[in-house]
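This report walks through a single protein model. Please keep the sequence and coordinates at hand while reading.

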Amino acid sequence: MNMEIRKAEGQPVTSADRQQAVTESLRQIARMSRFADRKKGIRSYHVQTKNDPWIPVLFVLCFILPALAGAVYYGLIASNRYVTEARFAIRPALGSSDKTSSETGGTASGTSNQMVAQDTQITREFILSRPMLEILEGQLPLRQWFSSDSIDYFSRFDPEKPIEKFVRYWKRRVGVEVEGGSGIMSVTVEAFDPDESLAIAKAVMKEAERKVNDLSVKSREDAVAESARELRLAEERMTKIRLAMRDLRNREGVLDAQKTNDINIKMIAELRASRINLAVQLAIGQRDLGPDSRRIMDLKQQIKDIDDNIARIERQSASQDPDQKRLLSDALTRFEILENDRKNAEKYYQQVLTAYERARIISARQIEFFSPIVEPVKAESSTEPRRLLMIGLIMAGAGILFGASMFARKMMT
């Protein structure tokens, strides 16, 4: 078949126009083909879905049964839980920062805040810990309360289980939250009776306060014990240096080397002044008297005695003779070393004594206070479980599960 393409006016078209017309025609044919295939695919999928026997089974297993089980449990079976809430904070006492203040002055508010933050976390962990549970078990029949036959099977606790299982159960019934900025702690207690919930909350608050007080007492006792230990060491050091000085005095036969040296220097100066006077008198006497006169001979002898005394004192003070048993200069050096050590030891002892007195005074007062903000109050109605919310969440999860199963089924087929 030979077909010729012409314009509307009957004129023949050019080759470029002819090629464009052919391309547009092929495009329209392909578009119609795809639309027909899509409609065919949709019809095929619907037919396949209607003919697949697993679709109703998956709908029942993945959606109907979970939604029905959730609705039955939370609507008819789940036991009511009564929640009691209490709030408290750990606050530092006024002036407690003196405990950690330095010797040079300044404040220790950062250290005090850090200590309060640490004690807050310690208290939180203590509330959720096994020691807290064991203490409360000695005060309240917790196992009996949480294993009552009136509680649904999935919520009650088996009293025959060990303490480790009971700690896990305890953490599900007690919650502790700490506000980051203020440090306020919120404690929530869930129980299946409002009176039981209130009793447990009050017991938790009481033990938490006792723990905070114990931490405060422990820190004060540690501060006093550490100061007392340092004071004892400083006193032993000072006593040891004093005994060393006593032994040195006894060994050298000198009570105070520095004072002895000062006296010797003064004596030498006085002897030299006397010698100068005698030398002047000798020079004057020799002009009038002969060398063999009694006056001249006495002056010479006195000058000689003074020279001998000066030489002896100087020899005792700084002689280099190895046979000399006592050298005052060596003793003076040893005395100076011990004297410096004694002064440093006494100064350190006074500083430690001051720190000990400060720690002893601070230990007589409270460092931190347990400050209740919201006291526990008996719940008038149950707030847990949130039945409609839980049923809705279960139905949403079941719908997602059914959709996933349908997608998996399609991929398989």
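The sections below cover the basis of the model, its core, aromatic contacts, salt bridges, surface and chain geometry.

## Basis of the model

The model is predicted: local features need pLDDT of at least 70, side-chain atom pairs count only at pLDDT 80 or more, and totals for chains, interfaces and linings use all residues. Residues are numbered from 1 along each chain as its sequence is written, and side-chain values use heavy atoms, with hydrogens and water left out.

## Nonpolar core

The largest nonpolar core has 36 residues. A nonpolar core is a set of buried Ala, Val, Leu, Ile, Met, Phe, Trp, Tyr and Cys residues joined through side-chain atoms within 4.5 Å. Buried means under 20% relative accessible area, exposed means over 50%, and partly exposed lies in between (1.4 Å probe, protein chains only). Ile 127, Leu 142, Phe 146, Trp 170 and Ile 200 have the most contacts inside this core.

Strand S1 (82-92), helix H3 (109-127), helix H4 (130-139), H5, H6, strand S2 (174-178), strand S3 (185-191) and helix H7 (194-252) each give two or more residues to the core. H7 provides the largest share, 7 residues. These elements are DSSP runs, numbered from the N terminus: helices are H or I with at least four residues, strands are E with at least two.

## Aromatic contacts

The count comes to 10 aromatic pairs. Rings of Phe, Tyr and Trp (its six-membered ring) pair if their centres lie within 6.5 Å; planes under 30 degrees apart are stacked, over 60 edge-to-face, and the rest tilted. Phe 59 and Phe 402 make an edge-to-face pair, 5.2 Å centre to centre with 80 degrees between the planes. This pair links distant parts of the chain: Phe 59 is in helix H2 (residues 54-77), Phe 402 is in helix H11 (residues 387-412), and 343 residues separate them. Phe 59 is partly exposed because its relative accessibility is 34%. Phe 402, at 18%, counts as buried.

Phe 146 and Tyr 169 are also edge-to-face, at 5.3 Å centre to centre and 70 degrees between the planes. Phe 146 lies in helix H5 (residues 142-146) and Tyr 169 in helix H6 (residues 163-173), so this pair ties together parts that are 23 residues apart in sequence. Both residues are buried. Phe 146 and Tyr 169 belong to one aromatic cluster with Phe 157, Phe 166 and Phe 192. Elsewhere, a charge meets a ring: the charged end of Lys 211 sits over the ring of Phe 126, 5.2 Å from its centre. The criterion is NZ of Lys or CZ of Arg within 6 Å of the ring centre and within 35 degrees of the ring normal.

## Salt bridges

How many salt bridges does the structure hold? The structure holds 15. Each is a side-chain nitrogen of Lys or Arg within 4 Å of a carboxyl oxygen of Asp or Glu. Glu 190 bridges to Arg 81, with the closest N and O atoms 2.9 Å apart. Glu 190 is in strand S3 and Arg 81 in the loop between H2 and S1, 109 residues apart. Both Glu 190 and Arg 81 are buried.

Arg 130 and Glu 164 meet at 3.3 Å, N to O. Their bridge links helix H4 to helix H6 across 34 residues. Arg 130 is partly exposed at 37% relative accessibility, and Glu 164 is partly exposed at 46%. Arg 229 bridges to Glu 230, with the closest N and O atoms 3.1 Å apart. Arg 229 is partly exposed, at 35%; Glu 230 is partly exposed too, at 23%. Shared partners join Arg 81, Arg 173, Glu 190, Glu 384 and Arg 386 into one salt-bridge network.

## Surface patch

A nonpolar surface patch includes Trp 54, Phe 59, Leu 68 and Ile 77, and its residues together have about 970 Å² of accessible area. Areas come from the Shrake-Rupley method with a 1.4 Å probe; for residues, only the protein chains shown count as cover. Patch residues have over 30% relative accessible area and no salt bridge; like charges are joined within 9 Å, nonpolar side chains (Val, Leu, Ile, Met, Phe, Trp, Tyr) within 5 Å. Ile 77 lies in helix H2 and is partly exposed, with a relative accessible area of 44%.

## Chain geometry

Most peptide bonds are trans. The bond from Glu 384 to Pro 385 is cis, with omega near -5 degrees. Pro 385 lies in the loop between strand S4 (368-374) and H11.

Met 390 lies in helix H11 and is partly exposed at 26% relative accessible area. Met 390 and Ala 71 are 319 residues apart in sequence and 8.6 Å apart in space, C-alpha to C-alpha.
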